[in-house]
Amino acid sequence: RESQIRGIIDHHALRNGSVSSDLPIYMDIRPWGSVSSIIAHTFFRNQKVLPKNVAGIMLSAILSDTLNLNSPTCTEIDRQICRRLAKAA
């Protein structure tokens, strides 16, 4: 059975020709330090409540991806998202 990509959410740049689809797909690619920052931001923007355990896991993922917020790829948005997740966890 052939699978079909529905969307891509990532914080890495796409390489030319790395994704192809016959149908339009949802793409959310941002130059942030972690994909968890993007996902958490989407939850917050849509005023959705994250369960405490999910907020904690997402916070851990951001801290891991950004080397405890010290990576050169870490952004101020990652830091803001971490503060919100810490309050929610």
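The part in question is helix 3 and what it packs against.

Analyst: This is a predicted model, in which local features need pLDDT of at least 70 and side-chain atom pairs count only at pLDDT 80 or more, while totals for chains, interfaces and linings use all residues. Residues are numbered from 1 along each chain as its sequence is written, and side-chain values use heavy atoms, with hydrogens and water left out.

The chain has three helices and two strands, where helices (H or I, at least four residues) and strands (E, at least two) are DSSP runs numbered from the N terminus. Read from the N terminus, the order is β-β-α-α-α.

Helix 3 covers 76-88. Its 13 residues should span 18 Å at 1.5 Å a residue, and the end C-alpha atoms are 19 Å apart, which agrees; the expected span is 1.5 Å times one less than the number of residues. D78, I81, C82 and L85 of helix 3 are buried, that is, under 20% relative accessible area with a 1.4 Å probe, protein chains only. These residues cover an arc of only 105 degrees around the axis, which puts them on the same side of helix 3; the arc is that of the directions from the helix axis to the C-beta atoms. An α-helix has 3.6 residues a turn, so residues three or four places apart point the same way.

The buried residues of helix 3 pack against helix 1 and helix 2. Leaving aside neighbours within four places in sequence, I81 is in contact (heavy atoms within 4.5 Å) with S37, A40, H41, F44 and I62.

I81, C82 and L85 also belong to the largest nonpolar core, which has 10 residues; the others are A40, F44, L50, A55, M58, L59 and I62. Such a core is a set of buried Ala, Val, Leu, Ile, Met, Phe, Trp, Tyr and Cys residues joined through side-chain atoms within 4.5 Å. Helix 1, helix 2 and helix 3 each give two or more residues to this core, and helix 2 gives the most, with four.

D78 has a polar partner. Its side chain makes a polar contact with the side chain of S37 at 2.5 Å; for such a contact, a pair of N or O atoms lies within 3.5 Å, and within protein one must be able to donate a hydrogen and the other to accept it, with residues adjacent in sequence counting only if both atoms are side-chain atoms. S37 lies in helix 1 (residues 35-45) and counts as buried, at 0% relative accessibility.

Terms used: Buried means under 20% relative accessible area, exposed over 50%, partly exposed in between (1.4 Å probe, protein chains only).
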